Amino acid sequence: AIHRAIRGRTGGDAREETPSTARVVFDEVVDAGRLRSDLARHRAAGDWRGAVISGFRLAVLALIDQRIAGELPGATTGDFGRAVAARRPDLAPRFEPAAASFERAVYSDGQIVEDDVTTVDRLLGALDAHDRAAVR
């Protein structure tokens with residue numbers, strides 16, 4: 001399911017230690033710091049598929065944290081896209097191509113290129129700018 005792709009999975013023992021910033025959502029452990037680290041590591045290695053997946057997961061967390069989208073079990077990129085269109089239509093032109101890159105990265109064997117990472121970076125940049133403005 002898409003929420004597993006977005007949220008990631010922890011493997012192994014349920015007693016596994018998690019960072020204090022981790023949250024459990026949809027029975028899955030998510031940590032924005034880890035996703036940022038993964039994004040940087042994938043980017044440095046030229047692993048565009050991994051960078052797109054990590055970056056989009058990070059963007060979804062930002063959508064939830066900024067209350068643009070809710071935490072819904074089984075939510076799809078389409079569900080998140082509809083939430084963006086309803087609550088932040090200015091983000092839709094950035095969300096749609098990032099979601100398409102994410103879906104290709106997760107569900108196809110097709111080539112993922114640096115331009116796909118750039119589409120996710122644009123979405124992350126818009127979300128970061130919104131977050132900084134909200135703090136002021």
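**Side-chain contacts and burial**

Arg-88 is located in the loop that runs between helix H4 (77-87) and H5. The model is predicted. With a relative accessibility of 13%, Arg-88 counts as buried, and the side chain of Arg-88 forms a polar contact with that of Asp-90 (2.5 Å). The structure also contains two aromatic pairs and six salt bridges.

**Aromatic pairs**

- The structure holds two aromatic pairs; in one of them, the ring centres of Phe-56 and Phe-95 are 5.7 Å apart and the planes stand at 50 degrees, so the pair is classed as tilted.
- Phe-56 belongs to helix H3 (residues 48-65) and Phe-95 to helix H5 (residues 92-107), so this pair ties together parts that are 39 residues apart in sequence.
- Phe-56 is buried at 0% relative accessibility, and Phe-95 is buried with a relative accessible area of 3%.
- The rings of Phe-56 and Phe-102 have centres 4.6 Å apart and planes at 25 degrees; the pair is therefore stacked, as planes under 30 degrees apart count as such.
- Because Phe-56 lies in helix H3 and Phe-102 in helix H5, the pair ties together parts that are 46 residues apart in sequence.
- Phe-102 has 0% relative accessibility and counts as buried.
- Ring pairs join Phe-56, Phe-95 and Phe-102 into a cluster.

**Salt bridges within a helix**

- Asp-38 and Arg-41 form a salt bridge through their side chains (2.9 Å, N to O).
- Both Asp-38 and Arg-41 are in helix H2 (residues 32-45), three residues apart, which is about one turn of the helix.
- Asp-38 is buried, at 11% relative accessible area, whereas Arg-41 is partly exposed at 47% relative accessibility.
- A salt bridge also connects the side chains of Asp-79 and Arg-82 (2.5 Å, N to O).
- Asp-79 and Arg-82 both sit in helix H4, with a spacing of three residues, about one turn of the helix.
- Asp-79 is partly exposed at 31% relative accessibility, while Arg-82, at 52%, counts as exposed.

**Salt bridge between helices, and a network**

- The side chains of Asp-116 and Arg-104 meet in a salt bridge with an N to O distance of 2.2 Å.
- This pair links distant parts of the chain, with Asp-116 in helix H6 (residues 114-135) and Arg-104 in helix H5, twelve residues apart.
- Asp-116 is buried at 7% relative accessibility, and Arg-104 is partly exposed with a relative accessible area of 34%.
- Through salt bridges that share partners, Arg-34, Asp-38 and Arg-41 are joined into one network.

Conventions. Residues are numbered from 1 along each chain as its sequence is written. This is a predicted model: local features need pLDDT of at least 70, side-chain atom pairs count only at pLDDT 80 or more; totals for chains, interfaces and linings use all residues. Side-chain values use heavy atoms; hydrogens and water are left out. Rings of Phe, Tyr and Trp (its six-membered ring) pair if their centres lie within 6.5 Å; planes under 30 degrees apart count as stacked, over 60 as edge-to-face and the rest as tilted. Helices (H or I, at least four residues) and strands (E, at least two) are DSSP runs, numbered from the N terminus. Buried means under 20% relative accessible area, exposed over 50%, partly exposed in between (1.4 Å probe, protein chains only). A polar contact is a pair of N or O atoms within 3.5 Å; within protein, one must be able to donate a hydrogen and the other to accept it, and residues adjacent in sequence count only if both atoms are side-chain atoms. A salt bridge is a side-chain nitrogen of Lys or Arg within 4 Å of a carboxyl oxygen of Asp or Glu.
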